There are 2 protein chains.
Amino acid sequence: MKRPNSTKIVFIGAGNLATCLSLALKKKGYCICQVFSRTENSARILAEKLGCAWTTQIQEIQPDADLYIFSVKDSALQQLVETIPSNNGIWVHTAGSMPINVFPATNTRCGVFYPLQTFSKERSVDFTEIPIFLEAREEDVYAFLEGIAKELSHNVIEATSLQRQYLHIAAVFACNFTNHLYAVAENILLRNGLDFKNLIPLILETAQKTKSYHPIDAQTGPAVRYDENVIDKHLSLLADTPALQTLYKELSQHIHQYAITAKQSSENEPNQL
Amino acid sequence: MKRPNSTKIVFIGAGNLATCLSLALKKKGYCICQVFSRTENSARILAEKLGCAWTTQIQEIQPDADLYIFSVKDSALQQLVETIPSNNGIWVHTAGSMPINVFPATNTRCGVFYPLQTFSKERSVDFTEIPIFLEAREEDVYAFLEGIAKELSHNVIEATSLQRQYLHIAAVFACNFTNHLYAVAENILLRNGLDFKNLIPLILETAQKTKSYHPIDAQTGPAVRYDENVIDKHLSLLADTPALQTLYKELSQHIHQYAITAKQSSENEPNQL
């Protein structure tokens, strides 16, 4: 395995994930030699953080790196892969929902390097706990990517393109949709003269519980027992926001149905959940 | 104000909230003198933890305590309030969705003591950060409750019965519904041979972000920009679970609508969110 400081990496993209991943790799001693982004400002800002070169021109991308990390919007990935001149480096992308087949089938020096986390440019993250899902077409490429991933995280897992798509869907539920429920809660409080910060201990504890319990076993509240008294009262209090009323009803029914199904399946297959 | 160790408290109820609250009060030096519960086992177990008396008989409830904390299911509260013989102690309940009017209007020695958190009997919680919402009909009763609440938490807030109902609804969104989305995510992963533990860093980071950002500003993912490519792909991958498909669609539309509304309202009233 090559040592970090002799591994040259080019970043294609300078967004949230590219920023966090490149900074984490640099910290581990990897040589990030260039950042490419169509947006000059993004390229320059990230390159300054990394102390490396940057470009907005495809033809200026350095051809002699060991690894090219494509970390761009799904919609831009295919076109970039087709436009950047081929070279001897390994090409990977970092997208949950894109298959490895975004790289042409003839290219065996390619793979996927997918760290499952929500990233922000201005928020530093500890990669140690972040699961990194890898995919490659050849064993030596996989081993190369695994070597790098294990420098960052103690949780490195092989996953197929299909599994990664379901990971992404699960992440949409657990992160994007969850965050939306926080936003809904803030809105309800604001409209009633209450401060969102009062919900934060509850939000943190609910999240912390996932470390000790299966969520299905930790489910509490009026919906799980379908307490119609409370549910109807809540629905009537939401009468002036029909969209929230619908969402409340749907989620409550879904929770109740889930609890029934889980109970049945745990009676049949006690170890399933 | 009475000193903790000269304040005698009876707990009516021995569930999750009663367990956590009584243990926290005992730790602060309060004298928990008795636990009442219709369920012998619950009463005995909590009383053993507290080192105090217990009973399942209403007529055996000690009449000379300073404070009676009713911490029972909403559906049992009204009946208990009407059945327990009146005395000179202050009576409070701990229910988000029940108004202070569950106590007869003639009783001025009553109130509400509502700690906003999700409690489990077997999980110890630090009350310092937990907001406690108080309501009372008389100033001296409020001051008495505030004295106790401030021994436990540095976040004690007065709230009306109506505000508390909205707090409870917000908590249902931020805790119960959120936990359900975790359960959905676990289910999706299980059915695809993936381990739920891989989502935990993402879940924790999403929750942690509420300490630094308004959730509406932290919203990421395909729904907020209504990326139909990704959304349609996800919907087709959920084809074998129509209920999840519907939930995914509803939440995505809701997120998108919210983002549009927030953008409009921030253009009109820049400081609202």
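## Annotated domains of chain A

The UniProt record, an unreviewed entry, gives residues 8–84 of chain A the annotation "domain: Pyrroline-5-carboxylate reductase catalytic N-terminal". UniProt positions are given in the numbering used here, feature names are shortened, and annotations may be inferred rather than shown by experiment. This is a predicted model, in which local features need pLDDT of at least 70 and side-chain atom pairs count only at pLDDT 80 or more, while totals for chains, interfaces and linings use all residues. Residues are numbered from 1 along each chain as its sequence is written, chains are lettered from A and ligands numbered from 1 in the order in which they are written, and side-chain values use heavy atoms, with hydrogens and water left out.

Residues 8–84 of chain A are 43% helix and 23% strand, and the C-alpha atoms at the ends of the span lie 17 Å apart. Helices (H or I, at least four residues) and strands (E, at least two) are DSSP runs, numbered from the N terminus. UniProt also lists "domain: DUF2520", again from an unreviewed entry, for residues 130–255 of chain A. That span is 64% helix and 6% strand, with its end C-alpha atoms 29 Å apart.

## Chain A as a whole

Chain A has nine helices and eight strands. Its C-alpha trace spans about 70 × 50 × 30 Å along the principal axes. Of its 273 residues, 56% count as buried; buried means under 20% relative accessible area, exposed over 50%, and partly exposed in between (1.4 Å probe, protein chains only).

Contacts, meaning heavy atoms within 4.5 Å, can also be sorted by distance along the sequence. Among contacts in chain A between residues at least 6 apart in sequence, 54% join residues at least 24 apart. A separate case of sequence and space is A:Ala262, which sits in helix α9 (residues 242–268) of chain A. A:Ala262 is buried, at 12% relative accessible area. Its C-alpha lies 9.4 Å from that of A:Asp217, although 45 residues separate A:Ala262 and A:Asp217 in sequence.

## Nonpolar cores

A nonpolar core is a set of buried Ala, Val, Leu, Ile, Met, Phe, Trp, Tyr and Cys residues joined through side-chain atoms within 4.5 Å. The largest one has 123 residues, and A:Phe173, A:Leu199, B:Phe173 and B:Leu199 have the most contacts inside it. A second, separate core has 36 residues, including A:Ile9, A:Leu25, A:Leu145 and A:Ala149.

Which residues does B:Phe173 contact, leaving aside neighbours within four places in sequence? In chain A they are A:Leu181, A:Val184, A:Ala185, A:Ile188, A:Leu238, A:Leu244, A:Leu247 and A:Tyr248, and in chain B there is B:Thr178.

## Two pockets

On a 1 Å grid over the protein atoms alone, a cavity is a set of points where a 1.4 Å probe fits but cannot get out, and a pocket is an open set with protein on both sides within 12 Å along at least five of seven lines; lining residues have an atom within 4 Å of a point. Grid points are joined across faces, edges and corners, and a volume is the space filled by probe spheres set on the points. The largest pocket holds about 1,400 Å³ of space. Its lining has 48 residues, with A:Asn16, A:Leu17, A:Val72, A:Lys73 and B:Arg225 nearest the centre. The largest share of this lining, five residues, comes from α5(A). By class, the lining has 20 nonpolar, 19 polar and nine charged residues. Here Ala, Val, Leu, Ile, Met, Phe, Trp, Tyr, Cys and Pro count as nonpolar, Asp, Glu, Lys and Arg as charged, and the others, Gly among them, as polar.

The second largest pocket has a volume of about 1,200 Å³. It is lined by 42 residues, and those closest to its centre are A:Arg225, B:Asn16, B:Leu17, B:Val72 and B:Lys73. Two or more residues of this lining come from each of α1 (16–27), α3 (74–83), β6 (110–115) and α5 (161–190) of chain B. The lining divides into 19 nonpolar, 18 polar and five charged residues.

## Residues in loops

B:Asn198 lies in the loop between α5 and α6 (200–208) of chain B. Is B:Asn198 buried or exposed? B:Asn198 is buried, because its relative accessible area is 4%. Not counting residues up to four places away in sequence, B:Asn198 touches A:Leu116, A:Pro131, A:Phe133, A:Asn155 and A:Ile157.

A:Tyr226 is in the loop between α7 (215–218) and α8 (228–237) of chain A. Its phi is near 40°, a positive value in a residue other than glycine, and A:Tyr226 is partly exposed at 24% relative accessible area. In chain B, B:Tyr226 lies in the loop between α7 and α8 (228–237). B:Tyr226 has a positive phi of about 40° and is partly exposed, with a relative accessible area of 23%.
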